[in-house]
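User: I would like to go through this protein at the level of its residues. Please set out the basis of the values before the discussion begins.

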Amino acid sequence: MQIPSLKSRIISTLLWIILSVFITSPVYAEQVVVYSARIEQLIKPMFDAFTQRTGIKVRYTTDNEGALMARLQAEGKNTPADMLITVDAGNLWAASQAGLLRPFDSQILKTNIPEHLRAPDDEWFGLSIRARTIIYNTEKVDPADLSTYEDLADPKWKNRLCLRTSKKVYNQSLVAMMIAEHGEAETEKIVKGWVANLATDPLSDDTRAMEFVAAGRCDLTVVNTYYYGRLMQKDPNLPLGIFWPNQKNGGVHINVSGAGLTRYGKNQQAAEALLEFLSSISAQNLFADVNMEYPVNPNIVPDPVVAAWGKFKQNHINLTKAGELQAEAVKLMDRVGYR
Ligand code: FE
């Protein structure tokens, strides 16, 4: 019998060590786990593009933002989530305030996303813009009579205005941003004027408000433009027109859908790569176009359907104010009887 040489014994021992490392520690593919308040059809196309480019898998859970934030809170350090995606700066701000997010100082994000659309402390970033603008009945309103959000408080619109309920964060953010721009006393006067002009009780959602306008139950309302896009795609003959207010002063009220990295995410580098990818030219159109929104990067042209609504000047006050002044906005709307 041949005695194995020292060299071959060393080699076989080394092979055994290497083999046992592979056997005892399964090799995980790189992945990112996302909690998303945006529904699957609005996020999957970007995640697929990211996986195709990097090989990193994206797993996701969708739910409403309240449930996702409560879950992050409860899971604490044990959360599997690396990223939170949600709509409205008010929600992103609330997640940041609750300590659920961590800052990410990225030159790529700072270059791709204008300053007013991201948190000054780098804890969240806008990824698509939604514009909250005036929609009017084209058979009943001459657009030359329209001018500003503030003007909707003028008695000439008495019994002609429909509004969505103040319980929705979209209107809370709108009023919060008006407080940032005009101060509380002036904003209270304006919102009080809106309430005095209401033709109906506040409505459950933006689409319903436009249906009331189209049916002639009121003449105008304020909604996010993607709801207008969806409704007009379903019924292009509706007598509804889009108007961009405040073009001579503060600009159109905008908000974002966006994302932040979770404080206790485990796949930090992969999550950072995904967030930067979502702000890139190749993902921006996907992210905005799937919901008829606007890219945050001003150098990227929106979807043709959206572009056809015309260019507008947007408000440039930092959207952090939508969160900071949200409680004040809610109290103000309650005081003036905006339900
Ligand atoms: Fe919405």
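The questions and answers below move from the overall fold to single residues.

Analyst: This is a predicted model, in which local features need pLDDT of at least 70, side-chain atom pairs count only at pLDDT 80 or more, and totals for chains, interfaces and linings use all residues. Residues are numbered from 1 along each chain as its sequence is written, and side-chain values use heavy atoms, with hydrogens and water left out.

User: How many helices and strands are there in the protein?
Analyst: Helices (H or I, at least four residues) and strands (E, at least two) are taken as DSSP runs, numbered from the N terminus. The C-alpha trace that carries them spans about 105 × 40 × 30 Å along its principal axes. The count is 14 helices and 9 strands.

User: What percentage of the 339 residues is buried?
Analyst: A residue is buried under 20% relative accessible area, exposed over 50% and partly exposed in between (1.4 Å probe, protein chains only). By that rule, the buried share of the 339 residues is 52%.

User: Among contacts with a separation of 6 or more, what share comes from residues 24 or more positions apart?
Analyst: A contact means heavy atoms within 4.5 Å. Among contacts with a separation of 6 or more, the share from residues 24 or more positions apart is 78%.

User: Which residues coordinate the iron ion?
Analyst: Donors are N, O and S atoms within 2.8 Å of the metal (3.2 Å for Na, K and Ca); water is not among the atoms, so sites may look incomplete. The donor residues are spaced Y-x55-Y-Y in sequence, and Y226 and Y227 are both buried. At 2.0 to 2.1 Å, the iron ion is coordinated through OH atoms by Y170, Y226 and Y227.

User: Is T221 buried or exposed, and with what relative accessible area?
Analyst: T221 has its place in strand β6. Leaving aside neighbours within four places in sequence, T221 is in contact with several residues, including T133, I135, C162 and V213. I134 is 87 residues away from T221 in sequence, yet the two are 5.7 Å apart in space, C-alpha to C-alpha. T221 is buried, with a relative accessible area of 0%.

User: How far apart are the C-alpha atoms of S106 and D122?
Analyst: S106 is found in the loop between β4 (101-102) and α5 (107-112). S106 counts as buried because its relative accessibility is 3%. D122 is 16 residues from S106 along the chain, and their C-alpha atoms are separated by 8.4 Å.

User: Where does N246 lie, and is N246 buried or exposed?
Analyst: Phi of N246 is near 60°, a positive value in a residue other than glycine. N246 lies in the loop between β7 (240-243) and β8 (253-262). With a relative accessible area of 2%, N246 is buried.

User: Is N159 buried or exposed?
Analyst: N159 has a phi near 60°, a positive value in a residue other than glycine. N159 has its place in the loop between β5 and α6. At a relative accessible area of 52%, N159 is exposed.
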